[in-house]
Amino acid sequence: MTTTRLDTAATQKHASDDKSQLGFWIYLMTDCILFGSLFATYIVLHNNTFGGPSGNDIFEMPAVLVETLLLLTSSFTCGLAMIAMRQRSKKFSLFWLGFTFLLGLAFLIMELTEFNLLISEGYSWQRSGFLSAFFTLVGTHGLHITIGLLWLLVMGWKLFKHGLTAPTVRRFNLFSMFWHFLDIIWIFIFTFVYLMGVL
Amino acid sequence: MIRNSTITRSVISYSIGFILSIILTLLAYAIVVHDVFKDFWSPMAIILILSILASIQLIVQLIFFLHLGNETNPRWKLLSFIFALIILIIIVAGSLWIMFDLNSRMMMSTEDMIKYMNRQTGL
């Protein structure tokens with residue numbers, strides 16, 4: 001008896017979780033289209049250097065590889081945090097989320113350092129069409145990462161204060177989708193902007 | 001409480017995704033930076049290979065990180081993903097087609113273009 005009722009409640013909760021996940025998924029798909037148009041812009045403009053530097057001159061490949069691995073690892077630890085959450089372990093969830101946050105922050109700092117270096121050398125977005133498109137594309141991704149980190153910080157605080165409540169877990173599931181999505185976008189930036197830029 | 005076997009399986013699933021992604025990333029990096037295949041592959045072939053590696057990694061992460069594979073019917077996520085993919089291909093391929101077509105119709109360097117434009121405006 002009790003089991004059946006619990007099962008029904010669990011199924012209903014599961015269905016509403018599924019709905020919010022689908023809604024968030026559809027948002028991510030529209031975000032995909034935003035990035036798609038920025039990628040198209042970049043590919044069209046990437047040769048328009050107007051006498052300025054090309055990708056080959058400004059991209060620091062080892063640093064970009066480190067950024068890629070940082071983001072990939074943070075995507076992985078975010079998945080581990082979700083598993084810990086399903087195990088109802090607050091301690092491990094917080095641990096892996098903290099790890100995710102630090103890796104994401106390290107990625108963001110590396111990216112901002114790269115931007116800062118380029119701007120101080122006079123290669124800002126005003127220099128050429130190529131650099132405008134580059135800063136718009138990579139900067140939009142960086143902005144998403146910043147928002148993700150803020151989200152993680154706020155939700156981490158809620159988790160720390162109130163524990164693994166149902167709304168918190170549901171929001172973290174959405175966050176993990178967002179974070180994995182950003183990693184996928186970065187793979188394409190890594191491939192189409194950086195690797196093909198230095199080819 | 002969720003049974004331990006389910007947990008172990010999802011840890012293994014995430015780990016497989018992670019390791020495959022690292023391998024694919026390092027492979028793409030090695031091809032470009034260490035010029036592994038430069039002697040016997042044209043740049044066009046390398047661009048193709050890099051695109052394929054990125055696409056494989058996209059599929060790996062969709063399956064192992066975003067769990068697109070084990071969705072129950074009706075598979076709305078998969079359907080909306082395929083729809084978004086079609087829109088993306090139209091936007092990206094369409095833009096590139098139009099812009100590069102314009103470029104090749106013009107068939108001139110920046111200097112020639114400036115001369116041409118000056119001539120058109122009577123300067």
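## Exercises on a two-chain model

**Exercise 1.** Identify the residues in contact with Phe100(B), leaving aside its neighbours within four places in sequence, and then describe the place of Phe100(B) and its accessibility.

*Solution.* Step 1: with those neighbours left aside, Phe100(B) is in contact with Ile43(A) and Val44(A), where contact means heavy atoms within 4.5 Å. Step 2: Phe100(B) belongs to helix H3 of chain B. Helices (H or I, at least four residues) and strands (E, at least two) are DSSP runs, numbered from the N terminus. Step 3: Phe100(B) counts as partly exposed because its relative accessibility is 34%. The classes are buried, under 20% relative accessible area; exposed, over 50%; and partly exposed, in between (1.4 Å probe, protein chains only).

The structure is a predicted model, in which local features need pLDDT of at least 70 and side-chain atom pairs count only at pLDDT 80 or more, while totals for chains, interfaces and linings use all residues. Residues are numbered from 1 along each chain as its sequence is written, chains are lettered from A and ligands numbered from 1 in the order in which they are written, and side-chain values use heavy atoms, with hydrogens and water left out.

**Exercise 2.** Describe the fold of chain A: how many helices and strands does it have, and what percentage of its residues is buried?

*Solution.* Step 1: chain A contains six helices and zero strands. Along the sequence this gives the pattern α-α-α-α-α-α. Step 2: the C-alpha trace of chain A spans about 75 × 30 × 25 Å along its principal axes. Step 3: of the 199 residues in chain A, 51% are buried. Step 4: among the contacts in chain A with a separation of 6 or more, 81% come from residues 24 or more positions apart.

**Exercise 3.** Characterise the interface of chain B with chain A: how many residues are in contact, and which helix of chain B gives the most?

*Solution.* Step 1: the contact involves 43 residues of chain B and 38 residues of chain A. Step 2: the two chains bury about 3800 Å² between them, with 85% of it on carbon and sulfur atoms. Buried area is the accessible area (1.4 Å probe) that two parts lose on being put together, summed over both. Step 3: the elements giving two or more residues to the side of chain B that touches chain A are helices H1 (4-33), H2 (43-64) and H3 (76-106) of chain B. H1(B) gives the most, with 15 residues. Step 4: by class, this side of chain B has 32 nonpolar, 10 polar and one charged residues. Here Ala, Val, Leu, Ile, Met, Phe, Trp, Tyr, Cys and Pro count as nonpolar, Asp, Glu, Lys and Arg as charged, and the others, Gly among them, as polar.

**Exercise 4.** Examine Phe65(B): where does it lie, and is it buried or exposed?

*Solution.* Step 1: Phe65(B) is placed in the loop between H2 and H3 of chain B. Step 2: its relative accessible area is 1%, so Phe65(B) is buried. Step 3: not counting residues up to four places away in sequence, Phe65(B) touches residues including Leu72(A), Phe76(A), His180(A), Tyr14(B) and Phe18(B). Step 4: Phe65(B) and Ser10(B) are 55 residues apart in sequence, and their C-alpha atoms are 9.7 Å apart in space.

**Exercise 5.** Describe the phi angles of Phe50(A) and His67(B), and locate each residue.

*Solution.* Step 1: most residues other than glycine have a negative phi. Step 2: phi of Phe50(A) is near 50 degrees, a positive value in a residue other than glycine. Phe50(A) is found in the loop between helix H1 (2-45) and helix H2 (55-58) of chain A, and counts as exposed at 68% relative accessibility. Step 3: phi of His67(B) is likewise positive, near 50 degrees. His67(B) lies in the loop between H2 and H3 of chain B, and counts as partly exposed at 27% relative accessibility.
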